Amino acid sequence: MAREDRERLRDKAFGNSSDPLLCPNTHARPYHSIKQQVNPRGSQAQTGISEQGNADSLRYDKTAQLLETQEQDRVRQLNREVEEFWTRYQRPEDQREFDLWDPQLLKKDKPARVSDDDPRCGPSSLQKFEGEDLNERARKKLQQQEARKWLTAQKLERQRQERDQKFA
């Protein structure tokens, strides 16, 4: 019940809140619109004053616009200088905590183990496992070279045996 009473009081004071165009808020109207409703024509003496006032207001508007543009330019220049200072003197790499949040940290970090005899790997580091081969590339390259040597040696041996059979 109290809520309905409050809504009725609000509707009386401010009009129908569901449609502000049909029932506008009469209390919130500006003073000059109410004054125009009371005296819509205005007096003839005010027209001369209003023309001079219009010229003054135009001059004031232009001055205000000029000052606003100057202020905007000043703010832009100040922002440019701040940005330049940040890029020159406050780089992220120079900050004290940069090593904690460096996005390239994993790429720059050393691997957990470089070789089988890495001094950083103690007995409890669990970095050396049975069957693990860190030198796999070098080992495979060496094996391929050895296989080529054996293959050429076998070819030469077979050619020699075929030659010996022809002449025997």
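# Reading salt bridges, rings and surface in a predicted model

Student: How far apart are the closest N and O atoms in the salt bridge between Asp 73 and Arg 76?

Tutor: In the Asp 73–Arg 76 salt bridge, those atoms are 2.8 Å apart. The term stands for a side-chain nitrogen of Lys or Arg within 4 Å of a carboxyl oxygen of Asp or Glu. Before we go on, keep in mind that this is a predicted model, where local features need pLDDT of at least 70 and side-chain atom pairs count only at pLDDT 80 or more, while totals for chains, interfaces and linings use all residues. Residues are numbered from 1 along each chain as its sequence is written, and side-chain values use heavy atoms, with hydrogens and water left out.

Student: Where do Asp 73 and Arg 76 lie?

Tutor: Both belong to helix α3, 3 residues apart, or about one turn of the helix. Helices (H or I, at least four residues) and strands (E, at least two) are DSSP runs, numbered from the N terminus.

Student: How many salt bridges does the structure hold?

Tutor: There are 12. One of them links Arg 160 to Glu 157, with the closest N and O atoms 2.5 Å apart.

Student: Let's turn to rings. How many aromatic pairs are there?

Tutor: A search of the whole structure finds 2. The rings of Phe 85 and Tyr 89 have centres 5.1 Å apart and planes at 45 degrees, so this pair is tilted. For the terms: rings of Phe, Tyr and Trp (its six-membered ring) pair if their centres lie within 6.5 Å, and planes under 30 degrees apart count as stacked, over 60 as edge-to-face and the rest as tilted. Phe 85 and Tyr 89 are 4 residues apart in helix α3 (residues 44-89), about one turn. Phe 85 is partly exposed at 41% relative accessibility, whereas Tyr 89 is exposed at 53%.

Student: What is the geometry of the rings of Phe 98 and Trp 101?

Tutor: Their centres are 5.1 Å apart and their planes stand at 80 degrees, so Phe 98 and Trp 101 form an edge-to-face pair. They are 3 residues apart in helix α4 (residues 98-101), about one helical turn. Phe 98 is buried at 13% relative accessibility, while Trp 101 is partly exposed at 44%.

Student: Which residues make the nonpolar surface patch?

Tutor: Leu 78, Val 82, Phe 85, Trp 86 and Tyr 89 make a patch of about 510 Å². Patch residues have over 30% relative accessible area and no salt bridge; like charges are joined within 9 Å, nonpolar side chains (Val, Leu, Ile, Met, Phe, Trp, Tyr) within 5 Å. Areas come from the Shrake-Rupley method with a 1.4 Å probe, and for residues only the protein chains shown count as cover. Trp 86 lies in helix α3 and is partly exposed at 46%.

Student: What does Lys 128 contact beyond its neighbours within four places in sequence?

Tutor: Arg 113, Asp 116 and Cys 121, where contact means heavy atoms within 4.5 Å. Lys 128 lies in the loop between α5 (105-108) and α6. Its C-alpha atom is 7.1 Å from that of Asp 116, 12 residues away along the chain.

Student: Where is confidence lowest and where highest?

Tutor: Here pLDDT is the predictor's confidence in each residue, from 0 to 100. Helix α2 (residues 31-38) is lowest at a mean of 53, and helix α6 (residues 136-167) highest at 94. The chain mean is 79, with 78% of residues reaching 70 or more.

Student: And how many helices and strands does the chain have?

Tutor: It has 6 helices and 0 strands. Of its 168 residues, 4% count as buried.

Technical notes: Buried < 20%, exposed > 50% of the residue type's maximum accessible area, 1.4 Å probe, protein only.
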